[in-house]
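Here is a report on a predicted model, written to be read beside the structure. Please keep the 3D view open as you go.

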Amino acid sequence: MDAPLNTTHVLQVRGLTKRFGGLTAVKNLSLDLRPGEIFGLIGPNGSGKSTAMKAIMGIERPSEGEVVFEGENLAGLPAHKIARKGFGMVFQHSRPLNRQTVLENIMVALLPDSLFMLFADKALTDRAKWIAERVGLAEVMDRRPPTLPFADLRRLELAKAIARDPKVVLVDEPFAGLTLAEVGTFSELIRSFRDEGRAVLLVDHNVKSVAALVDRVLAMYLGEEIVTGRADDVMRNETVRRVYLGGAIETSARPETSFEDSVPLLQVENVSVHYGKAQALENVSIHIHQGEFVSIVGLNGAGKTTLFNTISGLLPYNGEIVRAGEKLRGMTPARIARSGIVQCPESRELFGEMSVRENLDLGGQHLSDQDKDAQMAWLFELFPILKERQNQMAQTLSGGEQQMLAIGRALMMKPKILILDEPTLGLAPVILEQLSKALEKLRQTTPITLLLGEQNVTFALPHADRVYVLEHARIVWEGDPGRFAEEAGTGYL
Amino acid sequence: MADFFKSRLFWISLIVVVIASTLPLYVSGYILGLLTVAYYFGVFAMAWDLLFGFAGEVNFGPTFLIGVGAYTAGILNNEYGWSVYLCIVLGALAAVIAGFVLALPALRVRGPYFGLTTLVAVLILQNFIVVFAELTGGEIGLTIPDVITINAGVNYWIALGFMTISAIILYGLSQSPVGLVLQASGQDPVQAGALGFNIVKHKLAAFVVSAFFSGLSGALLVFYFGTASVGTVVDVAVGVNVIVAAVLGGRRTVLGAALGAIFLIVAGEFLRPTGELATFIVSAVALLVVLFFPGGFLGAALSREARS
């Protein structure tokens with residue numbers, strides 16, 4: 001904004017659009033990057049930010065628009081050509097070569113795209129060593145990746161991305177899975193890329209986590225730009241606040257004391273889960289009463305899905321999960337689901353080539369015909385659109401209808417505890433309203449217990465009797481939804 | 001590279017090859033003949049491992065490449081009486097061309113479809129051989145007028161030499177910068193692309209190299225047997241044996257594949273007295289290794305070293 005006018009842009013993205021079939025993931029996105037600038041591309045899960053980054057890098061071919069690098073339009077070129085022009089990308093998940101050393105892994109990134117490079121020369125080795133030192137891997141460069149801690153594997157990704165001295169560095173979720181101390185070190189590293197004159201594009205979920213690092217931020221929602229500006233301006237922006245925090249949220253929480261069971265229906269006690277070296281849950285304890293609606297709020301990667309999968313019996317864990325006095329450990333996922341804890345996963349997992357009706361029938365397979373018909377009739381009242389679409393193939397439904405079908409199929413199992421993982425992912429506001437009404441109806445007319453995982457606070461709060469905030473694998477706040485905005489809300493911008 | 005000459009693997013391989021080369025001095029022609037076939041099989045398996053272990057592509061039709069090489073060499077010799085060596089070279093070239101033509105479209109499809117394409121190629125070749133029986137000898141097989149030599153010892157040395165040279169080239173290639181890029185492309189194609197590597201180009205090159213060694217080995221085998229038949233160089237079952245050998249020996253090791261092939265053939269022969277049970281026992285061992293030691297013989301040893 002207030003940078004000197006004579007700095008030229010190294011990258012200009014103009015009208016970038018990416019469609020997947022009927023879904024427009026990125027709509028007419030434009031942004032400029034100057035050399036020596038850190039630019040944040042921010043948006044909630046499903047907002048299209050990662051797709052935008054992949055389209056810039058050429059991993060996804062843009063449907064429309066231009067990606068102009070130093071005056072040349074690169075849109076439509078394959079990733080390897082764009083990389084050779086001067087782009088480097090830091091991936092969130094890495095799969096290093098496990099039989100090669102760290103140094104050799106870095107050397108791979110330095111090799112030319114040639115079939116005749118049969119011997120690596122010394123200059124290459126020296127350059128790889130220099131890069132290893134540069135990102136703090138000097139101590140471990142002769143070790144093999146399987147023996148490294150998680151943070152060093154992330155450093156290796158940084159090393160590979162900057163190996164060929166790119167002018168533009170794209171970073172996907174720079175701090176995912178790192179401890180607070182490591183976040184500090186990595187911020188320094190990314191700043192040093194800027195100081196070397198590189199343009200850095202960061203993709204992350206919320207402004208706060210990258211506010212201290214970025215020069216400018218573009219916030220996006222449902223594939224479109226909301227606003228671009230300095231981090232604090234963006235955080236103050238009305239629309240951004242509404243997307244992340246919702247406007248004036250009306251909550252209708254029932255106090256915890258109003259639930260009659262003295263021992264909660266479901267208790268998760270000190271549960272920890274690891275994925276290899278990354279800790280996905282750390283001593284998480286939550287409880288839910290019979291008939292209570294509890295929301296777990298947390299950003300992408302905080303551990304919500306891991307928590308739900310652990311409850312559903314899909315992951316090994318330390319700690320205990322107790323339901324009505326009975327430990328769930330050792331029960332198969334199928335038995336847990338049959339016993340009434342039903343998860344409706346984030347990815348929906350519909351049977352795309354079966355009809356709506358068949359999907360629902362599968363959910364109600366263990367019911368008697370009479371019960372099944374009754375449950376189906378009740379369900380069609382809850383989601384009238386499913387009745388109309390009965391004979392349509394599930395994969396031809398819109399995103400919102402698919403979500404309703406996924407919830408409907410879970411409800412056909414007559415769950416006692418329903419777990420909804422990010423039901424609002426990528427859905428338009430009008431659909432959210434319909435889902436909202438359905439949840440309200442469930443709360444008022446059925447004895448069902450609900451565990452809702454959301455990063456969309458606007459959706460999570462109105463339906464919650466109680467809220468937990470999950471951050472970096474830990475529960476950091478628990479309380480009444482009415483107090484959320486003032487006590488925990490700032491973390492969600 | 002320099003490290004390799006100091007490594008244990010190098011010294012062990014050297015000793016094994018030296019000992020193997022002295023075998024004709026004191027073992028029977030029967031064992032030599034068995035090992036000759038095993039060595040050619042070893043090259044099939046190593047060439048296959050380059051594709052599966054490094055490029056990450058499962059080629060269900062190794063015998064397509066082997067068969068094209070073998071039959072081209074055999075037919076040329078049978079029809080035109082060209083010299084054995086010219087026929088062998090032309091057989092290898094034919095395999096390269098066939099491999100290129102197959103891989104170019106096949107590499108564009110992802111995942112299991114690549115494997116299916118290669119499997120269908122074998123079936124097409126098999127049908128072609130049966131249908132054009134006048135040229136190919138059909139189901140009875142093609143009798144080839146010339147052989148390289150009838151001396152069992154010399155045949156053995158040729159096979160051993162060929163396998164050793166192939167192993168040096170294939171292993172060297174797999175450890176070279178190109179091999180590293182290939183391995184990276186196989187493991188994470190998206191990231192390899194973002195690092196600036198043309199994945200299709202590298203995989204295509206791997207396929208061509210694999211085709212060359214498969215075809216060359218197939219052609220040599222034909223001139224050792226003096227016949228070419230569907231059952232020995234084309235049938236899907238032969239291809240499955242090549243795959244089992246490579247997996248048994250250890251994915252991504254190249255040298256392990258040769259070990260696996262030798263084990264498979266020698267074990268099959270030693271169990272011959274058990275009659276029909278032989279195939280069953282060998283298959284059961286292979287299944288157990290794949291299920292419980294998916295790294296294979298050499299893979300298990302190498303990954304233990306990597307972790308220490």
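## Domains of chain A

Chain A is assigned two domains: domain 1 covers 11-245 and domain 2 covers 256-491. These bounds come from an automatic or database domain assignment. Taken over C-alpha atoms, the centres of domain 1 and domain 2 of chain A are 33 Å apart.

Residues are numbered from 1 along each chain as its sequence is written, while chains are lettered from A and ligands numbered from 1 in the order in which they are written. The model is predicted, with local features needing pLDDT of at least 70 and side-chain atom pairs counting only at pLDDT 80 or more, whereas totals for chains, interfaces and linings use all residues.

## The six-stranded sheet of chain A

In chain A, six strands make an open sheet with mixed pairing, in the order S6-S7-S8-S3-S9-S10. Strand S6 (87-90) and strand S10 (224-229) of chain A are the edges, each pairing on one side only. From one strand to the next, the twist averages 20 degrees. Helices (H or I, at least four residues) and strands (E, at least two) are DSSP runs, numbered from the N terminus. Two strands pair if DSSP finds at least two bridges between them.

S7(A) pairs in the parallel sense with strand S8 (residues 199-204) of chain A, over five bridges. A:Val171 has A:Leu202 in S8(A) as its bridge partner. Helix H1 (residues 49-57) of chain A lies across strand S3 (38-42), S6, S7, S8 and strand S9 (216-221) of chain A. H1 runs at about 150 degrees to S7(A). Axes are lines fitted to C-alpha atoms, for helices over the stretch in contact, and angles run from 0 to 180 degrees between N-to-C directions.

## Strand S19 and its partners

Strand S19 (residues 466-471) of chain A is mostly covered, with five of its six residues buried. A residue is buried if 20 or more other C-beta atoms lie within 10 Å of its own, exposed if 12 or fewer, and partly exposed in between; C-beta atoms are placed from the backbone. Strand S13 (residues 293-297) of chain A pairs with S19(A) in the parallel sense over four bridges. There, A:Ile296 stands opposite A:Tyr468.

S19(A) also runs antiparallel to strand S20 (residues 474-479) of chain A, joined by five bridges. A:Val469 stands opposite A:Trp477 in S20(A). The hairpin of S19(A) and S20(A) has two residues between the strands, and A:His472 takes a positive phi near 45 degrees there.

Strand S11 (residues 266-275) and strand S14 (residues 318-323) of chain A pair in the antiparallel sense over five bridges. A:Ser272 faces A:Asn318 in S14(A). S14(A) is also joined by two bridges to strand S15 (residues 326-327) of chain A, again antiparallel. A:Val322 stands opposite A:Lys327 in S15(A). Two residues lie between the strands in the hairpin of S14(A) and S15(A), where A:Ala324 takes a positive phi near 45 degrees.

Is A:Glu173 buried or exposed? A:Glu173 is buried, with 22 other C-beta atoms within 10 Å. This residue is not a glycine, yet its phi is positive, about 45 degrees. A:Glu173 sits in the loop between strand S7 (168-172) and helix H6 (180-195) of chain A.

A:Lys414, also not a glycine, has a positive phi near 50 degrees. A:Lys414 lies in the loop between helix H15 (399-412) and strand S17 (417-421) of chain A. A:Lys414 counts as partly exposed because it has 18 C-beta neighbours inside 10 Å.

## Chain B: interface and helix packing

The contact between the chains takes 29 residues from chain A and 22 residues from chain B. Two residues are in contact if their C-beta atoms, placed from the backbone, lie within 7 Å. On the side of chain B that touches chain A, helix H9 (177-187), helix H10 (189-194) and helix H16 (296-307) of chain B each supply at least two residues. H9(B) gives the largest share, seven residues.

Within chain B, helix H5 (residues 84-106) packs against helix H11 (residues 199-225) at an angle of about 145 degrees, with their axes 7 Å apart.
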